[in-house]
Structures are given as C-alpha cells and as structure tokens.
Amino acid sequence: MSSGTETLEFQAETRQLLQLVIHSIYSNKDIFLRELISNASDALDKLRLESLTDSTLDVDTSDLHITLEADQEQRTLTVRDNGIGMTRDEVVELIGTVAKSGTAGLLEKIKESKDAAAAQSLIGQFGVGFYSAFMVADRVTLRTRRAGTEEGTLWESQGEGTYTVQAVDGLPVGTSVTLHLRPADSEDGLADYLAGWKIRQIVKQYSDFIRWPIRMEREQGAGDGEETAGEPETLNSMKALWARPRNEVSEAEYSEFYQQISHDWQAPAETIHMRAEGTFEYEALLFLPAQAPLDLYSPGAKPGVQLYVKRVFIMDDCDALMPNYLRFVKGVVDAHDLSLNISREILQHDRQIQGVRRHLVKKVLRAVKDMQTNNSEGYEAFWGQFGRVLKEGLVEDRDNTDALLELVSAASTHDPEKTTTLREYVARMKDGQEAIYYLTGENRAVVENSPHMEAFTAKGYEVLILTDPVDEIWAAQVPAFDGHRFQSIAKGQVDLDPTDDGDAQAQADKAQREKDFADLLPWLETTLSEHVKQVRLSTRLTTSAACIVGDTHDITPTLEKMYRAMGQELPPFKRILELNPTHPLITSLRQAHAANADEPALVQTAELIYGSALLAEGGDLPDPARFTRLLTERLTHSL
Ligand code: ADP
Ligand code: MG
C-alpha cells in the first residue's frame with residue numbers, strides 16, 4: 001500500500017543553503033560522511049534512551065549500529081542505522097526546513113562576503129548537517145521508519161527546489177540515507193567515496209569515538225575467492241574520548257572531537273579534560289573555542305554542553321551545567337550516578353548537579369586565567385571574541401565576581417594602543433586615589449573627547465574607557481576590585497584635589513565663585529527645568545564650557561536607552577548641568593545676566609549650552625531642528 005508521491009518545496013532559506021552547499025562552499029567534502037554518521041549516532045542514542053525510559057516501546061536495542069554500504073554498480077553509498085527513525089511529519093519538518101537559529105543572518109553575511117575563504121569559514125562555523133550530502137551526491141534517497149510506528153517514509157531530492165515524500169511499507173525501524181554519488185573529480189575535491197580505503201580513512205579521522213559500531217561489509221577479495229565477503233568489519237574504536245586518560249589522547253583527537261560537536265572549523269583555544277571522583281563521579285571534556293559563533297548574542301543562543309549518563313547521551317545544550325555567560329563553552333559531561341529519566345527541570349534543582357556546575361565554572365575561569373597568564377597574545381584574541389559575554393558574568397554570577405574581574409581587559413586612557421587589566425590599573429593609581437575611574441560611551445572617540453574627561457586628563461588620572469553595553473551594568477553594580485570601588489566620572493561630584501580644601505586661598509576662591517554665580521545658577525535651573533534637575537559649578541572641566549552629569553545612583557543615558565528599548569517603563573529622568581566657571585562663555589553669560597536678566601538672547605544661550613553639552617557626551621538632542629535654528633541665529637548675529 002503506497003499512498004502516492006507528494007512533491008513539496010523546500011523552505012526558502014533551506015533552498016539558499018542547499019545552493020551554497022552544492023556550489024562547493026566547503027573545500028573539504030569528506031565531512032559529509034561525518035555529518036551523516038553523527039545523525040545516525042544521535043538516532044541510536046535517542047532510541048536507546050527512549051527504550052530505557054518508555055517501557056511500552058517495543059523495539060530491539062540489542063544490536064544498535066551503523067552500517068555503510070558501497071554499491072559499485074549503482075554508484076551509491078548508503079548510511080544505515082537502526083535508531084529512532086522519523087515519521088513522515090518529522091521528515092518534512094526536520095529535513096525540509098532549517099530550524100537553526102541564525103540561518104538568515106548567516107546567509108546574509110555569506111552573500112556580503114564575496115570572498116570564498118571567508119564564506120567557507122562562516123558556513124564551517126554553522127555546520128550544514130544533513131544537507132552536506134548534496135556536496136557529493138546529485139540525488140539523495142532517505143528511507144525511515146519511526147520506532148513505535150508501522151508506516152515508513154521515503155524521501156527523495158536532487159537538492160534543487162523540491163523533494164518528494166511517499167509512504168512505504170516493510171521498512172525496518174531506523175533510517176537509511178542513500179547517496180547517488182557524483183563522479184569522482186579531484187579538481188572539485190570529490191574523492192572516490194566508494195573506495196573502501198577512503199571510507200575507512202574518513203571514519204577513522206572523524207568518527208572514531210562514535211559510541212556505536214560503524215560497520216562495513218568487507219570488499220570482495222580481489223579474485224582470491226576467499227570467504228571473507230559478507231562478513232562485516234567494525235571501522236571505529238568506539239571509545240568515548242572523555243573516558244580515556246588524558247595522556248592517551250592526542251591534540252589532534254581532541255581537536256577532531258571538538259570540531260565534530262561544535263561544527264567549528266578550527267581547533268579550540270583551550271581544552272579542559274577532567275575526572276571527578278568521590279561521592280559524585282563524572283568526567284568532563286570542555287573546550288573554549290577560538291572564535292565566537294554567529295549566534296552568540298542572539299536571544300536563542302544556547303549553552304553548548306552535552307550531558308551523558310554512563311556513556312548514554314541524555315541531552316544537548318544542558319543549561320543546568322553551565323551558566324548563560326559561559327554559553328560559548330562546548331563539550332561533554334558524563335555523570336555516573338544520575339537517572340536516565342532525568343528532566344531539565346529536575347536537573348536545574350539537583351544539588352549534586354549544582355555542585356558540578358560550580359566546579360566546572362571554576363575550572364573554566366581558571367583555564368581562561370591561565371591563558372591570560374601564559375599566552376597574552378592568544379588571550380587578547382580570546383577576549384576580543386568572548387570578553388563581552390564573560391562580562392555578563394559580572395552581572396549574573398556573584399560567586400565569581402573576583403575571578404571575573406581579574407579577567408577583564410579594558411581600554412584605558414593610559415595607553416591608546418593597549419588594553420589594561422584592573423590589576424595593572426590599580427598598580428598605576430595615583431597617591432591618594434581611591435576609586436577606579438571609568439567612563440562609558442558608544443565608542444572610544446566619544447568617551448575620550450567627552451568633557452567629563454578633561455580634569456582627569458589634565459591631572460593625570462587614568463580612566464577606563466568602557467564601550468560595551470554590558471559595561472554600563474556591571475560597572476555600576478560590582479562593588480569593588482581589590483578594595484577599590486568603581487566610579488563613573490560622569491556621575492556625582494568630582495573632587496580631584498581633596499587636599500586643596502585645607503588651603504585658605506582655595507577656600508576663599510571657592511566662596512567668591514559661589515557668590516559670583518549666586519544669581520545665574522537658580523535662573524538657569526528655572527530656564528532649563530524641562531531638561532535638568534540642577535545647575536552647579538564644575539571642578540571637572542578645563543576647556544569645555546559645560547557638561548552633564550548624573551547623581552551617584554542615577555542610571556546613565558545609555559542604560560536608560562537600553563531599558564526603554566527593552567520596553568521598560570521609566571519615569572522621566574533628568575540629570576545635572578555643570579558649568580565651567582572660568583570659561584569665557586560662562587563668565588560672559590554671567591555678566592550679561594547681571595546686566596539685564598530679561599534679555600531674550602540669554603534663554604537661547606542657555607539652551608545652546610545645554611544642547612552642546614549633550615552632544616559632547618554623544619547624547620541625542622531632544623529637538624535637533626530647534627537647536628540648529630538657535631545656533632544659526634546666534635552665528636548670524638555674531639558676524
Ligand atoms: P542536526 O543534526 O544539527 O540537528 P542535521 O541537518 O544533521 O542537523 O539533521 C536535522 C535533523 O534531522 C536531526 O536533528 C534529526 O532530528 C533528523 N535526522 C537526521 N538524520 C537522522 C537519522 N539518521 N535518524 C533520525 N533522525 C535524523
Ligand atoms: Mg547532524
């Protein structure tokens with residue numbers, strides 16, 4: 001009974017991805033086999049797990065394995081598994097669409113990058129999985145039957161716009177994928193994938209640690225009539241890499257394994273291989289990638305650690321094992337004393353798992369620290385890729401604040417060419433300096449040229465230049481580093497010469513200034529009341545006329561923007577205008593105001609001073625058109 005053939009269209013993104021795959025984005029075509037074997041292995045894991053957790057499922061799991069069959073006459077290579085299989089709907093959903101987050105962005109970037117090497121590295125990071133079959137085949141036939149169901153499905157496609165599906169009877173449980181191979185072509189990187197030696201070589205290289213036997217029929221003895229034909233040979237050693245002693249695993253093996261689980265195309269930056277013994281035994285094999293994946297900051301980005309229980313795969317993306325800010329860490333944790341039935345929810349609350357997580361976080365942070373100590377160049381590159389996400393930990397993970405602060409690498413006014421650690425900053429602090437000074441902003445130029453910087457630069461105080469959005473949050477929240485609190489130079493009163501307070505002359509000068517400005521400040525406060533909550537004299541300005549500052553506990557304008565963008569309701573929010581009492585514009589304004597407080601040009605000048613201060617810190621004018629008109633008028637008058 002076959003219910004006719006249906007022809008369906010690939011989803012648009014899938015079609016584009018297929019085009020890329022077929023038109024040889026990958027120079028290494030061998031990896032198609034790794035992808036198909038990995039899918040088969042996943043399917044066996046899933047069936048094993050389901051049979052252990054669902055007693056009603058009636059399947060034979062006594063000989064789970066993968067078989068490779070090369071048919072020289074038909075020119076086909078078949079990868080077969082007796083795993084979980086797929087229903088018709090699953091085939092359409094899983095094979096007909098690309099569900100991976102970041103696909104659209106990836107395709108966009110690939111289109112933009114005209115150069116093939118860049119495109120390859122992009123797609124290499126992404127991993128095309130099943131579709132990689134079309135690199136070597138001009139037709140792919142998939143037959144599958146889901147465990148626990150009767151009807152099988154036959155899917156076929158030539159990798160163009162469409163595929164067909166039809167119901168078929170009599171299939172065994174599991175999946176077979178048959179590749180109708182394109183002719184070998186060394187120029188195109190197409191090897192002879194029917195050759196036994198080639199298949200063996202690829203399996204050994206990429207899939208040796210697959211936990212299930214990968215079998216292949218022995219080739220017919222070359223005319224010697226021996227009875228070896230038909231007797232399958234197992235191609236892989238099946239030994240889980242993480243279960244082997246560290247000194248028996250080579251760098252190359254670690255790297256292969258990492259590339260397989262991460263779909264990365266390059267070696268990891270660091271490898272952490274450990275075994276915990278005692279009350280809760282587990283093995284962990286974790287990797288720090290060298291390059292951030294494309295979806296690291298997309299809302300759906302998931303942690304990259306897989307959970308196994310005694311070599312049985314339990315789940316991908318195990319968020320109970322790694323905090324969100326370490327979501328770039330890839331690897332495997334194999335715990336010995338957990339139930340196979342364990343759910344994500346239970347894991348989240350399991351005390352032993354929480355202990356494992358604490359331990360793994362410490363290990364990862366120590367590995368990062370070691371990289372910083374031993375390989376400063378490598379560390380700089382690593383921080384460039386993952387610094388932003390690590391800094392999320394300063395907000396998320398109070399237990400490791402100190403360890404994370406040690407890792408921070410920040411731009412600073414000390415050296416425009418180099419970043420600094422906080423420890424280096426503290427070592428350079430001036431006598432009597434208590435706080436670590438920083439200023440946040442959109443980019444280095446805006447921060448460096450901000451009026452807030454002036455007095456600090458003039459007096460030789462170093463200021464950290466923080467330009468990641470997350471900096472706004474952690475720098476305001478983290479209490480201290482090495483006993484020194486963090487102080488935004490755009491907030492609060494600044495007193496860079498506390499010793500001057502004792503100086504009689506300075507005291508007298510200050511009193512005089514306050515008297516001079518006694519009328520102007522309240523007048524400005526009223527005139528600009530729509531924009532600022534206070535107007536006061538500044539000690540932080542040397543060349544600018546004015547700047548805008550927040551109270552110590554005010555949120556910064558950038559943070560305000562972020563919250564509003566996230567849809568949070570915030571009360572209207574005003575800051576403080578500080579004036580430079582020695583600036584000619586400010587002294588002239590004072591004199592003009594003293595001469596005639598009702599002069600209309602005074603109001604315009606006040607507004608222009610406020611607007612300029614806002615622009616100087618990289619802010620947005622409330623009414624740019626009005627600002628421009630006022631400025632034009634004033635310029636016209638002055639000519
Ligand atoms: P990924 O393996 O990263 O999910 P693939 O493109 O390799 O992406 O596969 C897509 C999905 O198709 C798999 O997640 C799986 O659900 C399904 N699939 C592929 N091959 C098999 C197979 N041999 N048996 C069962 N399901 C499979
Ligand atoms: Mg896959």
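Modeller: A helix here is a DSSP run of H or I that is at least four residues long, and helices are numbered from the N terminus. With that in hand, find Glu 35, which sits in helix H2 (residues 31–53). Please keep in mind that this is a predicted model.

Is Glu 35 buried or exposed? Its relative accessibility is 4%, and buried means under 20% relative accessible area, so Glu 35 counts as buried. If we set aside residues up to four places away in sequence, Glu 35 touches Gly 129, Ser 132 and His 263.

Let's turn to the aromatic rings next. Across the whole structure, a search finds 21 aromatic pairs. A pair of this kind is described by the distance of the ring centres and the angle of the planes. Take Phe 10 and Tyr 163: their ring centres are 4.8 Å apart and their planes meet at 50 degrees, so the pair is tilted.

A second pair to look for is Trp 242 with Phe 257, which is tilted, at 5.9 Å centre to centre and 50 degrees between the planes. Trp 242 belongs to the loop between strand S9 (232–234) and helix H7 (251–262), and Phe 257 belongs to helix H7, 15 residues apart. Trp 242 has a relative accessible area of 1% and is buried; Phe 257, at 3%, counts as buried too. Going back to Phe 10 and Tyr 163, they are members of one aromatic cluster together with Phe 130, Tyr 131 and Trp 155.

Another residue worth a visit is Thr 175, in strand S7 (residues 174–181). Thr 175 is buried, with a relative accessible area of 8%. Which residues does Thr 175 contact, leaving aside its neighbours within four places in sequence? They are Val 79, Arg 80, Asp 81, Gly 85, Met 86, Leu 142, Arg 143 and Thr 144. You can also see the chain coming together in another way: the C-alpha atoms of Thr 175 and Gly 83 are separated by 6.9 Å, although these residues are 92 apart along the chain.

Now for helices that pack against one another. Two packed helices are described by the angle between their axes and the distance between the axes. Start with helix H15 (residues 469–477) and helix H18 (residues 557–565), whose axes come within 9 Å and cross at roughly 115 degrees. Angles of 65 to 115 degrees count as roughly perpendicular, and H15 and H18 are therefore described that way. Their crossing is left-handed. On the H15 side the contact is made by Pro 469, Glu 472 and Ile 473, and on the H18 side by Thr 558, Leu 559 and Met 562. Sorted by class, these residues are 4 nonpolar, 1 polar and 1 charged.

H15 has another partner, helix H10 (residues 376–396), which packs against H15 at an angle of about 35 degrees with the axes 9 Å apart. This crossing is left-handed as well. From H10, Arg 388, Lys 391, Glu 392, Leu 394 and Val 395 meet Val 470, Asp 471, Ile 473, Trp 474 and Gln 477 of H15. That contact has 5 nonpolar, 1 polar and 4 charged residues. Notice Ile 473: it takes part in the contact with H18 and in the contact with H10.

Let's finish in the loops, with a look at the backbone. Most residues other than glycine have a negative phi. Asp 317 is not a glycine, yet its phi is positive, at about 50 degrees. Asp 317 is found in the loop between strand S13 (312–315) and strand S14 (330–335), and at 24% relative accessibility it counts as partly exposed. Asp 482 also has a positive phi of about 50 degrees. Its place is in the loop between strand S19 (480–481) and strand S20 (484–488), and with a relative accessible area of 46%, Asp 482 is partly exposed.

Note on methods. Residues are numbered from 1 along each chain as its sequence is written. Chains are lettered from A and ligands numbered from 1 in the order in which they are written. This is a predicted model: local features need pLDDT of at least 70, side-chain atom pairs count only at pLDDT 80 or more; totals for chains, interfaces and linings use all residues. Side-chain values use heavy atoms; hydrogens and water are left out. Axes are lines fitted to C-alpha atoms, for helices over the stretch in contact, and angles run from 0 to 180 degrees between N-to-C directions. Helices (H or I, at least four residues) and strands (E, at least two) are DSSP runs, numbered from the N terminus. Angles under 35 degrees count as roughly parallel, over 145 as roughly antiparallel, 65 to 115 as roughly perpendicular and the rest as oblique. A crossing is left-handed if the near helix is turned anticlockwise from the far one by less than a right angle, and right-handed if clockwise. Contact means heavy atoms within 4.5 Å. Ala, Val, Leu, Ile, Met, Phe, Trp, Tyr, Cys and Pro count as nonpolar, Asp, Glu, Lys and Arg as charged, and the others, Gly among them, as polar. Rings of Phe, Tyr and Trp (its six-membered ring) pair if their centres lie within 6.5 Å; planes under 30 degrees apart count as stacked, over 60 as edge-to-face and the rest as tilted. Buried means under 20% relative accessible area, exposed over 50%, partly exposed in between (1.4 Å probe, protein chains only).
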